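Subject: A structure for you to look at

Hi there,

I am passing on a structure that I have been going through. Please open it alongside this note.

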Amino acid sequence: MEGKIREFTCIVCPRGCHLVIDDKLNVTGNTCNRGKEYAINEVTNPMRNITSTVKIESKLVNRLPVKTSNNIPKGKMFLVMKELNKVSVKAPIKMNEVIISNVLGLGVDIIATRDVAE
């Protein structure tokens, strides 16, 4: 990244600050330290949260909405999605129930984001 300047719109809060970060990780444009941290992380180790669905055997729905319990490395997103495509669960399911524990050994669970009774 030497000599490179990168620009981001901060997504940490609704303000949407225009951030500029140089190759020495100097950040400008942020109005709070969270924006600075966000820009540095985007350059050094970008992380993302996944929201998706998995198959469910139920009388009411055929897909269960799920999400990661924490952020995962951006580069692992497609591998996690492949794991989600392999999963099928049976109702009943409770919101926040773990669907996949420690997905890909990342220390992050895949959890249900709604109740499904039957």
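Below is what I found, from the whole chain down to single residues.

First, some housekeeping. The model is predicted, so local features are given only at pLDDT of at least 70 and side-chain atom pairs only at pLDDT 80 or more, while totals for chains, interfaces and linings use all residues. Residues are numbered from 1 along each chain as its sequence is written, and side-chain values use heavy atoms, with hydrogens and water left out.

The chain has 2 helices and 10 strands, taken as DSSP runs numbered from the N terminus (helices H or I, at least four residues; strands E, at least two). In sequence order they follow the pattern β-β-β-α-β-β-β-β-α-β-β-β.

As for overall shape, the C-alpha atoms fill a box of roughly 55 × 25 × 20 Å along the principal axes. Of the 118 residues, 27% are buried (under 20% relative accessible area, with exposed over 50% and partly exposed in between; 1.4 Å probe, protein chains only).

Contacts here mean heavy atoms within 4.5 Å. Among those between residues at least 6 apart in sequence, 43% join residues at least 24 apart.

Now to the aromatic rings. Rings of Phe, Tyr and Trp (its six-membered ring) pair if their centres lie within 6.5 Å, and planes under 30 degrees apart count as stacked, over 60 as edge-to-face and the rest as tilted. That gives 1 aromatic pair. The ring centres of Phe8 and Tyr38 are 6.3 Å apart and their planes stand at 75 degrees, so this pair is edge-to-face. Because Phe8 sits in strand β1 (residues 6–9) and Tyr38 in helix α1 (residues 33–44), the pair ties together parts that are 30 residues apart in sequence. Phe8 counts as buried at 11% relative accessibility, and Tyr38 counts as buried at 15%.

Have a look at Glu42 too, which is also placed in helix α1. Is Glu42 buried or exposed? With 11% relative accessibility, Glu42 counts as buried. Leaving aside neighbours within four places in sequence, Glu42 is in contact with Phe8, Met47 and Arg48.
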